[in-house]
Each structure stands twice: as structure tokens, then as C-alpha cells.
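This briefing is intended for a reader who has the sequence and the model at hand. Please keep both in view while reading the points grouped by topic.

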Amino acid sequence: MDLEYGPAYGPAPAPQRPPLYRRLLGEMGRRVRETYRYDTAFWRTALSGLWVIGFLAFTVSILGIPTGFGVATDILLAAGAGTIVLAIAGNVAAVLLALTGLRVPRLFAGFLLSDMGTILLILYYADLEIEAAAIIAVLVTLLGGLGGLTVGLLHSGKVARGVTGIILLVALTLFPLTLVNGGQGNPLQKSVAPDVIPLSAADPGAPGDYNWHMFTYASGKDLHRTEYSTGASLISSEVDASAYIKDWSELRTLFWGFGYKSLPLNAQVWMPEGEGPYPLVLMVHGNHIMEDYSEGGYAYLGELLASRGFIAVSLDENFLNYSAWSGIPDNDFKVRTWMILKHLEQIATFSQESGNPFYQKIDSAQTALLGHSRGGQAVAMAADAGRWFKSDPVLAATDAFHITSVIALAPTDTAIEGQQARLNDVNYLTLQGARDGDVHDFYGDRQYIRTTYSRNSDAFKSSLYIADANHSQFNSDWGLRDQVLPAGLFLNRSQIMDGKDQRQIAKVYVSAFLETTLHGKNEYQGLFHDYRSGLQWLPETTYYNRFQSGGFRSIVTFDEDRNKNTAGNGTAEATGLLWTEELAKDRESKSKATYGVVLERTANESEDAFYRITLKSGVVTELSLAGAEGLSFSLANHDADRVEDIQETPLSPDVEIELTDEKGNSARIPLNEVRQILPLPQTQFTWSPWLEERMSDGKYGDPSEAIFQTYELPFEEFQKEEPSLDPEKLTTLTFYLKEKGDKIMLDDIGFYTRGTSGTGTALK
């Protein structure tokens, strides 16, 4: 029967409430179901801007770590991966926002947060500090949001209502850029040559008189390039590098189709028509991305050299390069060098086979090696191969080739097994750009310093430092950026010279160097003494060069001891100066392995300030002066040390040089009347100083480094001032600093004679 509650039966029981966890789960479920409640059509349309930014972030990232299957494939992969990742992350973030109860368009906000997080991670793993990565991620994402909102407004027709919001968002987005975006560095005075007679020789960067043809030799098994498989003209050997490589990724084997026990000898060859024999020039690329092949980027040199009677060979060492997917083989510096020797061995075999294109075409007594980046170090190591490969049979197999000349374009200089190449009586040329965002220190200068000559040797060394050149443009296929994406996006490219101009410099110097050292054409010798004699062939920028040969007779190198009062074949003193013997240093304050004397004027305006070397009387000094043609020294302008802001006008010291003979006859000439002391380039590699300090652990260091310029002052210039001066009886050399605060570094002071190595620069 039915029971009724009433006073006789007591009060009705309270209704049962669900447990707390059920109430929480219910509320959470309700909020999740309402995740997209505030994402109206307007906000969903606005997602387009965030998707575009996400897609671009993934595209830039994948282009920096290519798969090797082509740009189109990589972009499709980026689009697919970006869409999937952002869709998942955006929706997860939207759900989490819904659980907080925030009344915002949660899907839009979720995509916004996902974009920020994705871009932050990409930039952080591209070697930006977390602070910089976070700020850039926020700014870029806000721009994407702004774009999406604009699309949404246009789509909804509510443009007028959104104008104020858009203006505010633009202001919020762009304002932080004004905090981090600084100047681009100061412009330098361009190199001019008002007092130098140009060389009368033909342009060495222009094609020569030889017809030529191009072909390849290869293993014939390349999976990616026809020219090294079915299109190969000659089949070469495979080589076993297991004596040097232990760490080789299986992914690398999968990509290439071979492992380190069967490396191919692949190369592109530019061969002059005619009987020959011709000098041989091997060209070696550096550590670019493995999947973006490098050796074809030197075709501009190969074609030029072949037209001038050189056999030019560009080696394929891409399988030793870095890959984001498979890393880099261990010991790659040494293996790069070893592969050069194996190519020489292979070419020697080809040259002995009747009917082979190389048959009797090689002048093995005249061989040159040219390398770029890590290849620039490898060619120097190959010219000193006995230091690393004395027990390897390949060393004996390559004895027939006399390596006469070595050329290094922006080389590295890493110690391998605790040793570095030391060249003796080998011609050496190195080129470096001041705006090199990869090998940002002038490491070729170190190899220059380690290259020595026997007395009166005709061999020489020369360096050229180029104010507006970068790293990658010495290779026509590497593009403008010196770092892979996305880090490469933040490099300042506004003052980098045009790629064709940079390669024109390489063409002129490489061709003139090989014409001089392999063909014996002395008409180009003056270019290496003084770049100003060849400015008619070179693009407009600022240059600095060094030169030394077996005709240099040293007085002091400052490397013999740390007593500043001793000066090799003399003694030193100074008045009105701060003077110390110091290591020459690069941008990161690391040693260049050479000392010099640093002079800084402290005297009052009315007082003389000078550094004087008194020569010792004796046989050594007499031999140094006998037949010498002039005074030679290297000088680095340190006036930039007085400039606190990169935007300030660079300074140039005022220096005068005085020679005095044993009878007291003296002659003094202003250095700038013979050759101007140019201010050094102050390079800002990234968008702003703020970003530069937060990129790659601040690897770029100081805006400049010690860059020496060789000055050769003919005795005849001093005798114009004092005809009775006897250059063979000199007793003192004096360097005067005329302006307060002038600061220089001197090195390699001595006398020069040109001998049979060609004529130098003529002064008007």
C-alpha cells in the first residue's frame, strides 16, 4: 500500500546529492562539450592566419633539414605535418582552456598557443637562447593572428568595427621590434688606388683561349644523380674508409646506397682541348647539408680554369657532410683529406690508360688543391699529408703529384689529432669575407702564419680579406645564407655583396694565382703584393691583403720571446706610447698563434710618440739589407678599440715611417701617402646587437678581429726625401704615431726583395 509522510511519520528524507567526483566529472564533461561555444564563424575564419604561420614555420624548418627528395616533397611534408600537429595541439589546448571556464574563442586561442610553442621549440633547437626564441615566437604568432583577424573581418563584412583592434594589435606586435632591431653597422670607405698603376695584364677572371669539354667519373651506382650513375663517362673505384670511420649511420647507408667501406670516387671534370699536358687543379667543397649537393657550385671556376689550360676537377664528398637525419661521420676532417689523396691515386691510374680522357694529359709536377670551408682545411692537410697518413699506402701512390699551390676559400682550422697543417715552400692563397656568418673568424690567416719559405724561394703566400663577402656565395649553389634555416633567417644580409660579384673576386684571384704559380705568368704577381693594382677587375668593396715570399728577410716577428725590448735582429724602445707584445686574436678573443707589438699613443699633442728598432750590426743584418728593395711589415688597425658603438665612424691612425743609416741620414714618409690605413669592418651578423648576443651562444663575439695589411715601402720612396740615405747601411727603423689615441699592431717587420718572382706594384 502507499505510505504517506506526515507528522505521524516524521519529516521526509533529504534528496541524495551525487558524489563530489561525479559532480566534477559532469561539470568537466559539460565544459568539454562546450569547447567550441565561442568559436563563431568569424573566429574559425581567423584560424587561417595561424595555420599559415604554422605552415611557414614547418616549411622553414624542413627546408633547413631537407629529406633529399626535392623541395616540392619537403614542402608537402611540411604542410601535412604542420596541419596535423597544429590540429592536434590546437584542439588539445582548446579543451584545456575550456576546462578553465575562460569565455574566449578557445580553438583560436589554442591554435595561437600551439603556434607559439611550435615556433619557440623550432628556434630554440636552432641555437637561439630561450629568451630570444620566446620573444620572436610571440611576435610572429601575433602577426599570424593579425592576418587571420583581417581575413575574418573581410569575410564577415565588419571591417569598420575591427579597424581599432587591428591598429592596436599592429602596435603591440611591432613595438617590441623597435627594442631589438638595431643598426646594420657602419659603411666603410671603399678601396681606391689613386697612387697605384694598374697591372697591364689581361683580366684573369675572363675566359681564356682554350676550348674545353666537361665529363664525370664515378662508381656508376649513385641513387640520386644520373651524372654519377648511367651518365658517368668513366667508372672509378670504390674505396674502403674503415681505417678512419667507425660511426656511420644506417640511415646514411639507406640514403646513399653504400656504406663507409665502399665510398665512391665521384667528380666533375673540365678538360681543355688539345694535347697537353696540363696542370691539375682539384676542388673540394665543405660541410654543407648532405642532401643539397655541393660540388656543382664550383662550375664557374672549373669552366674558367679549363679555358685557361688547367684540368679542373670538382670532387663529390657530399656523403661525408652533415645531415639532420643521420648526423655526420666521425673523423670527417681526416676522411675528407684522405679522399683527396684517393682521387689523385685514381687520376694517376686513369692517366696511364690509353684511350682514357686523362691519358698523357696530366702535368703531375704542377698540381694545385682548392678547398672551401672544411674543404679549405682539407686541401692544406693534403699538402702536408705525411703528418697524418705516413703509414697509409695512398701516400706513396700520390708521390708523383707535386702539390705546388693551395687555395683556401673561407677555410676552417681545427686541430686534428692535436696537429695542424704546416706548409713549406708551397704557394698559399686564402680568401675570407668579413660578413661570413658561418666561419666567422679568419681561420685562413692561421694557415697563412704557419706557411713558411726557404730563403729566396719563388713560392709565396697571400691573403685577401673582403669587407662585404660572406661564406656561402663562393659556391654558386649554396645561396645567400650562411646558416641553415631557420637560424639563417636572422642573419643580416643588407650589406652582403651580390653573389656574382663575390665569385668574380674568386675568379680573378684563383685564376691569377694559378697562372702565376703553375703557368709562371709573372704579370699577375703584383696583384698579391697589392690588391689595388687589380681593382680594375674587382667589384667595389673594401679589401685588405697580406703577402710574403722567400724574398722576405725578417728582422722581428715578435714570436721569439716575451721581452718587448728585444726585436729579433735588433733592440726596441718606445716614447710617448703604451706598448706591449700581445697575441693577435680573432672575434672570439682566441689566439691566432702569432704575437705582435701593440702601440697606443699617450703623448701630448706637442710631443713625439714613436716605436724604434735599432738594428744589430753584424752578418745577419748585412745579409738582410744586401740587395733589399724596401721595408715590409704587417699592420693591423686597432683604432676600432676606441669606438664604443658600431654606428660610430671608424677611425684610421696617422703613422709615419723613418729610416736612418749609419751616417745619420734620415728620411721620413707618411704611410698614408704610400698606402692608406683603412678602418677595419665592424660586422653585425644578425638583425640587431640584442639578437646577436642571444644567437648560437654569442658565437660571433666582437664586431672585428686583428686583420693585418702588408705594407711594402720601396727604399726609393725614402730616397726621394733624402737622396743620401744608404739602404744597405740602415741602423734604425722608427714608427711615429701622430694623433692622440692612435693604436696599431705591428708584426713581421723586415726587408723584401722581389727576386725572380715577378714585379710588384708600381707607384705613380
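The model is predicted. The protein has 764 residues, of which 55% count as buried, and its secondary structure comprises 19 helices and 23 strands.

**Overall make-up**

- The protein exposes about 32,000 Å², and carbon and sulfur atoms supply 55% of that area.
- Of the contacts between residues at least 6 apart in sequence, 78% join residues at least 24 apart.

**The sheet of 10 strands**

- An open sheet with mixed pairing contains 10 strands in the order β2-β1-β5-β7-β6-β8-β9-β10-β11-β12.
- Its edge strands are β2 (234–235) and β12 (543–549), each of which pairs on one side only.
- Strand β11 (residues 460–466) is joined to β12 by 7 bridges, and the two run antiparallel; within this pairing, Ser462 stands opposite Phe547 of β12.
- Helix α10 (residues 374–383) packs on the sheet and touches β6 (278–284), β8 (362–372) and β9 (403–409). The direction of α10 makes about 145 degrees with that of β8.
- Helix α14 (residues 499–517) also packs on the sheet, where it touches β6, β8, β9, β10 (427–433), β11 and β12. The direction of α14 makes about 175 degrees with that of β10.

- Helix α10 is mostly covered, with 9 of its 10 residues buried.
- The buried residues of α10 are Arg374, Gly375, Gly376, Gln377, Ala378, Val379, Ala380, Met381 and Ala382.
- The elements that cover these buried residues of α10 include β6, α9, β8, α11, β9 and α13 (444–450).
- Asp384 is placed in the loop between α10 and α11. With a relative accessible area of 14%, Asp384 is buried.
- Leaving aside residues up to four places away in sequence, Asp384 touches Gln420, Ala421, Arg422 and Leu423.

- In strand β18 (residues 630–637), 8 of the 8 residues are buried, so the strand is largely enclosed by the rest of the structure.
- Gly630, Ser632, Ser634 and Ala636 point one way from β18, whereas Leu631, Phe633, Leu635 and Asn637 point the other way; all of them are buried.
- Strand β21 (residues 708–714) is joined to β18 by 7 bridges in an antiparallel arrangement. Here Gly630 stands opposite Pro714 of β21.
- Strand β23 (residues 743–752) is likewise antiparallel to β18 and joined to it by 7 bridges. The bridge partner of Asn637 in β23 is Ile744.

**Aromatic pairs**

- The structure holds 35 aromatic pairs.
- One of these is formed by Tyr217 and Phe350, an edge-to-face pair at 5.4 Å centre to centre with 70 degrees between the planes.
- Tyr217 belongs to strand β1 (residues 212–218) and Phe350 to helix α9 (residues 332–350), so this pair ties together parts that are 133 residues apart in sequence.
- Tyr217 counts as buried, at 0% relative accessibility, and Phe350 is buried with a relative accessible area of 2%.
- Tyr244 and Phe389 form an edge-to-face pair, at 5.7 Å centre to centre with 80 degrees between the planes.
- Tyr244 lies in the loop between β3 (238–239) and α7 (250–256), and Phe389 in helix α11 (residues 386–389), so the pair ties together parts that are 145 residues apart in sequence.
- Tyr244 is buried at a relative accessible area of 12%, and Phe389 is buried at 0%.

**Aromatic cluster and charges over rings**

- Phe69, Phe255, Trp256, Phe258, Tyr293 and Phe319 form one aromatic cluster.
- Arg225 lies over the face of Tyr293, at 4.5 Å from the ring centre; Tyr293 is one of the residues of the cluster.
- Arg252 lies over the face of Trp248, at 5.6 Å from the ring centre.

How values were computed. Residues numbered from 1 in each chain as written. Predicted model: local features only at pLDDT ≥ 70, side-chain atom pairs only at ≥ 80, totals over all residues. Heavy atoms only, no water. Phe/Tyr/Trp six-rings, centres within 6.5 Å; stacked < 30°, edge-to-face > 60°. Helix = DSSP H or I, 4+ residues; strand = E, 2+ residues; numbered from the N terminus. Buried < 20%, exposed > 50% of the residue type's maximum accessible area, 1.4 Å probe, protein only. Lys NZ or Arg CZ within 6 Å of the ring centre and 35° of its normal. Contact = heavy atoms within 4.5 Å. Areas by Shrake-Rupley, 256 points an atom, 1.4 Å probe, with all protein chains shown as cover. Pairing = 2+ DSSP bridges. Axes fitted to C-alpha atoms, helices over the stretch in contact; angles between N-to-C directions.
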